[in-house]
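I opened the model today and kept a few notes as I went. Here they are, in the order in which I looked things up.

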Amino acid sequence: MDKKLFIGAAALGSLWASPAMAQPVQDNTGHAEVIILIPLQITNIDDLEFGTVVADPLLAGTVHIPADGSPRSFSGGVQGVASDPGARAVVATAGAPGQQVLVAYAPPAALNDGFGNSITVLGMSMEGSPLKTIDPITRSLFINFGGTLLIAPNQAEGNYEANFEVIIDYL
């Protein structure tokens, strides 16, 4: 009898206290996603041209090309030659449509003529904000640059040039 009572009590206890019942399994799966963008391609469309200027023998001056495409201006002892008015630089990039990019640039310190003469670059400017958006239809972006040069008194005659770097990165 003892044995039957023990087995019956054990069976009855397992009906009421069933802590070993299977629990629902939680779904702990993750999600992975990636967006693939086409590489940015940068193309120089137009160089930054300050045009032809005449330097005063005694007075320094500046020549300025606006990034917005308006006419160049002068100060001090610099005069422009009308037949060569200069122009802003234009750089184009092609990329993923609608994507934002950050544009940075590094102007040269000076333009050089290859014979030991130089002209100081006072600064460069870019039209608009450095944060830009690739056109969603044409998949392109055009960026305009201007700059200002300091022309010394009696600046040596010559063709002065230098490169500047443009860096464009997706955000």
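**Entry 1: charged pairs**

I searched the whole structure and found one salt bridge (a side-chain nitrogen of Lys or Arg within 4 Å of a carboxyl oxygen of Asp or Glu). A caution to myself: this is a predicted model, where local features need pLDDT of at least 70, side-chain atom pairs count only at pLDDT 80 or more, and totals for chains, interfaces and linings use all residues. Residues are numbered from 1 along each chain as its sequence is written, and side-chain values use heavy atoms, with hydrogens and water left out.

Which side chains meet in the salt bridge? They are those of glutamate 127 and arginine 88, at 3.6 Å from N to O. The pair links distant parts of the chain, 39 residues apart: glutamate 127 is in the loop between E9 and E10, and arginine 88 is in the loop between strand E5 (78-80) and E6. Strands here are DSSP runs of at least two residues, marked E and numbered from the N terminus.

I then looked up exposure, where buried means under 20% relative accessible area, exposed over 50%, and partly exposed in between (1.4 Å probe, protein chains only). Glutamate 127 is partly exposed at 31%, and arginine 88 is partly exposed at 27%.

**Entry 2: asparagine 144**

Glutamate 127 has another partner: its side chain joins that of asparagine 144 in a polar contact of 2.5 Å. For a polar contact I need a pair of N or O atoms within 3.5 Å; within protein, one must be able to donate a hydrogen and the other to accept it, and residues adjacent in sequence count only if both atoms are side-chain atoms.

Is asparagine 144 buried or exposed? It counts as buried, because its relative accessibility is 10%. Asparagine 144 lies in strand E11 (residues 140-151). Leaving aside neighbours within four places in sequence, its contacts (heavy atoms within 4.5 Å) include Arg88 and Glu127.

**Entry 3: the core**

Next I looked at the largest nonpolar core, which has 23 residues. Such a core is a set of buried Ala, Val, Leu, Ile, Met, Phe, Trp, Tyr and Cys residues joined through side-chain atoms within 4.5 Å. Phe50, Val103, Ile143, Phe145 and Leu149 have the most contacts inside it. E11 gives the largest share of this core, five residues.

As background, nonpolar side chains tend to be buried together in soluble globular proteins.

**Entry 4: strand pairing**

Strands count as paired if DSSP finds at least two bridges between them. E3 (residues 61-65) is mostly covered, with four of its five residues buried. E3 runs antiparallel to E11, joined by five bridges, and threonine 62 has leucine 150 as its bridge partner in E11. E3 also pairs in the antiparallel sense with strand E4 (residues 73-76), over four bridges; there valine 63 stands opposite phenylalanine 74.

I also noted an open sheet of three strands, in the order E10-E7-E12, with antiparallel pairing. Its edge strands are E10 (131-133) and E12, each pairing on one side only. E7 and E12 are joined by six bridges, with alanine 104 opposite isoleucine 167 in E12.

Asparagine 163 lies in the loop between E11 and E12. Asparagine 163 is exposed, with a relative accessible area of 71%.
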